[in-house]
Amino acid sequence: MNVVIFASGEGSNAERIMEHFAPGTMARITWVVSNREEAGVVHRARKFKKGIQFISTGTLHEMPNSFIDFLKCEKTDLIVLAGFLLKIPPELVAAFPNRILNLHPSLLPAYGGKGMYGMKVHRAVIDNMEKKSGISVHYVNEEYDKGELILQQSCDIENEDTAESLAQKIQQLEHIYYPKAIELAIQKLQTT
């Protein structure tokens, strides 16, 4: 399976995914797509000798068909969002139904939706004095964080936890379980 990673930030999840699939037995990471040329993920992709494709917000939303053509020409089987902060246009969702994965840093449906990402989620969880949080890996559809769940994993929140310490716990879960969720999605594709 050919997997393309979309990322906007530092890219620690993208790096973990590239490491996990480096043997190439189940999947091959073919490209890393970013909307930010200065993003840390760019350096991580170069370290793994991955092709890098930059896409502007305008291109993604005003000319999605040309980008879809690029992905199809590259025989893309699965798209993995790893901290990609642009909304995926409906044309791309339609072109890759149940083939776009997203990782959200909460136990959806809690703390999901537009504008809920990263530290905003962790602060809200801590402010509401939740006892658990976690990660949700789901398919992308036309609505923020509403696609079918693939996997969820949780962690306990201690009284002394802050948004920052919770973020570290969540990142540990992400690094362990996002590659496993991608494997589950690949296995599902292979049986359909």
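How far does the backbone nitrogen of Arg36 lie from a polar atom of the side chain of Ser34? The distance is 3.1 Å, which falls under the heading of a polar contact (a pair of N or O atoms within 3.5 Å; within protein, one must be able to donate a hydrogen and the other to accept it, and residues adjacent in sequence count only if both atoms are side-chain atoms).

## Basis of the report

This is a predicted model, in which local features need pLDDT of at least 70 and side-chain atom pairs count only at pLDDT 80 or more, while totals for chains, interfaces and linings use all residues. Residues are numbered from 1 along each chain as its sequence is written, and side-chain values use heavy atoms, with hydrogens and water left out.

## Ser34

Ser34 belongs to strand β2, residues 28–34. Helices (H or I, at least four residues) and strands (E, at least two) are DSSP runs, numbered from the N terminus. Ser34 has a relative accessible area of 1%, so Ser34 is buried (under 20% relative accessible area; exposed is over 50% and partly exposed in between, with a 1.4 Å probe and protein chains only).

Apart from neighbours within four places in sequence, Ser34 is in contact with Ala7, Ser8, Ala39, Val41, Gln53, Phe54 and Ile55. Contact means heavy atoms within 4.5 Å.

## Helix α1 and its surroundings

Helix α1 covers residues 12–20, and helix α7 covers residues 163–190. Their axes come within 9 Å and cross at roughly 45° (lines fitted to C-alpha atoms, for helices over the stretch in contact, with angles from 0 to 180 degrees between N-to-C directions). Therefore α1 is oblique to α7 (angles under 35 degrees are roughly parallel, over 145 roughly antiparallel, 65 to 115 roughly perpendicular and the rest oblique).

On the α1 side, Ser12, Asn13, Arg16, Ile17 and His20 meet residues of α7 including Gln171, Tyr178 and Ile182. The buried residues of α1 are Ser12, Asn13, Ala14, Glu15, Ile17 and Met18. These buried residues pack against β1 (2–6), β2, α2 (40–47), β4 (78–81), β5 (100–104) and α7.

## Ser133 and the cysteines

Ser133 sits in strand β6, residues 132–139. Ser133 is buried because its relative accessible area is 2%. Beyond residues up to four places away in sequence, Ser133 touches several others, among them Pro105, Val125, Cys155 and Ile170.

Cys155 is itself buried, at a relative accessible area of 12%, whereas Cys73 is exposed at 58%. The count of disulfides (pairs of cysteine sulfur atoms within 2.5 Å) is 0.
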